[in-house]
Amino acid sequence: MQQLSTKHLLGIKGLTADDIQLIFETADNFKDVINRPIKKVPSLRDITIANVFFENSTRTKLSFELAEKRLSADVINFSSSNSSVKKGETLVDTVNNILSMKVDMVVMRHSSPGAPHFLSKNISANIVNAGDGTHEHPTQALLDAFSIREKLGDVAGKKVAIIGDILHSRVALSNIFCLQKLGAEVMVCGPVTLLPKYISSLGVKVEYDVKKALEWCDVANILRIQLERQQIKYFPSLREYSLYYGVDKKMLDQLDKEIVIMHPGPINRGVELNSDVADSEHSIILNQVENGVAIRMAVLYLLAGVK
Ligand code: CP
């Protein structure tokens, strides 16, 4: 059996292009499984997985839990908001207590960049990063690239524009690493205040005009404004942001080609994306969510094979 080159999925940065292809090929098989009348396989029957979420989530948490159940793993869920973290317990103590219940894998979301990396140095279980602050969200990038491959046949050679709040986005960084490893060209677009100063050093094109970004790309991945991570004002108002950077159907109608619209969710409708695009035939947003389960099944299955 082919194996991943890593015991943990901490970020796309630590994966090889071969790792990503192996995850995609495994996800292809699991996508067939979840479309069958009997959607379950016994692959992780002897594995216990803890989903440890220190930050809010809808899609990622549900998607991991469903992926784990489809693989027949035993699943426990931890949410910091109703836990003893509120009484001052540290991250390592919390996780070690969970692990002493004989847990094999930990899926963790945390608001601090590097939290899963820290954990991986302190415990022996396989760690999967489900989003660490503004740093990385590897399974989101994998499901995004997998969805582009499904829609357009390949990722190599495609032009992908990531539009919005790049500064606070873990999805942007993981997407840049993943798309480049697979041979795509990447552009980032947003107001200058929401683009990190180092961004061009990652080998991406930088654009400030959203219409030019849409003209350039085959795929536009639209990101939301992460107000919860903004301590200062980066633009005058949401209304003004929407006026200059919001994507609507009129803009797509003015292009002389069809482009694919993606969004990792949650969408702020009417801010970065209008409903006439989010719910249109251009959008593969719900395909992304569906593919998330197959991708997470593949990641968990492959990591379980690396001790
Ligand atoms: N895309 C994503 O990570 O969504 P959630 O925050 O709802 O998990």
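A salt bridge is a side-chain nitrogen of Lys or Arg within 4 Å of a carboxyl oxygen of Asp or Glu. The views below come from a predicted model.

View 1. The side chains of Lys249 and Asp253 form a salt bridge, with N and O 3.1 Å apart. Lys249 is partly exposed, at 32% relative accessible area.

**View 2. Glu150 and Lys31 form a salt bridge.** Their closest N and O atoms are 2.6 Å apart. Glu150 lies in helix 5 and Lys31 in helix 1 (residues 17-34), so the pair ties together parts that are 119 residues apart in sequence. Glu150 is partly exposed, with a relative accessible area of 37%. Lys31 is buried, at 14%. Glu290 joins Lys31 and Glu150 in a network of salt bridges.

**View 3. Arg170 and Glu55 meet in a salt bridge.** The N to O distance is 3.0 Å. Arg170 lies in helix 6 (residues 170-181), and Glu55 in the loop between strand 1 (48-53) and helix 2 (59-70), so the pair ties together parts that are 115 residues apart in sequence. Arg170 is buried, at 8% relative accessibility. Glu55 is buried too, with a relative accessible area of 18%.

**View 4. Glu136 is buried yet has no salt bridge.** Glu136 lies in the loop between strand 4 (126-132) and helix 5 (138-152). The nearest side chain of opposite charge belongs to Lys13, 7.0 Å away. A salt bridge needs the atoms within 4 Å. A polar atom of the Glu136 side chain does lie 2.7 Å from the backbone nitrogen of Ile12. Residues that Glu136 touches include Leu10, Gly11, Asn129, Arg170 and Phe177.

**View 5. Ile222 is buried in strand 8.** This strand covers residues 219-222. Ile222 counts as buried because its relative accessibility is 1%, and buried means under 20%. Its contacts include Ile163, Val247, Ile261, Met262 and Leu273. Ile267 is 45 residues away in sequence, and its C-alpha is 9.0 Å from that of Ile222.

**View 6. The whole chain has 11 helices and nine strands.** Its radius of gyration is 19 Å, close to the 19 Å that the globule rule gives for 307 residues, so the chain is as compact as a globular protein of that length. Of these residues, 56% count as buried. The whole structure holds seven salt bridges.

Key: Residues numbered from 1 in each chain as written. Predicted model: local features only at pLDDT ≥ 70, side-chain atom pairs only at ≥ 80, totals over all residues. Heavy atoms only, no water. Helix = DSSP H or I, 4+ residues; strand = E, 2+ residues; numbered from the N terminus. Buried < 20%, exposed > 50% of the residue type's maximum accessible area, 1.4 Å probe, protein only. Lys, Arg positive; Asp, Glu negative; His and termini not counted. Polar contact = N/O pair within 3.5 Å; in protein donor to acceptor, adjacent residues only side chain to side chain. Contact = heavy atoms within 4.5 Å. Rg over C-alpha atoms; globule rule 2.2 N^0.38 Å. Lists of a residue's contacts leave out its neighbours within four places in sequence.
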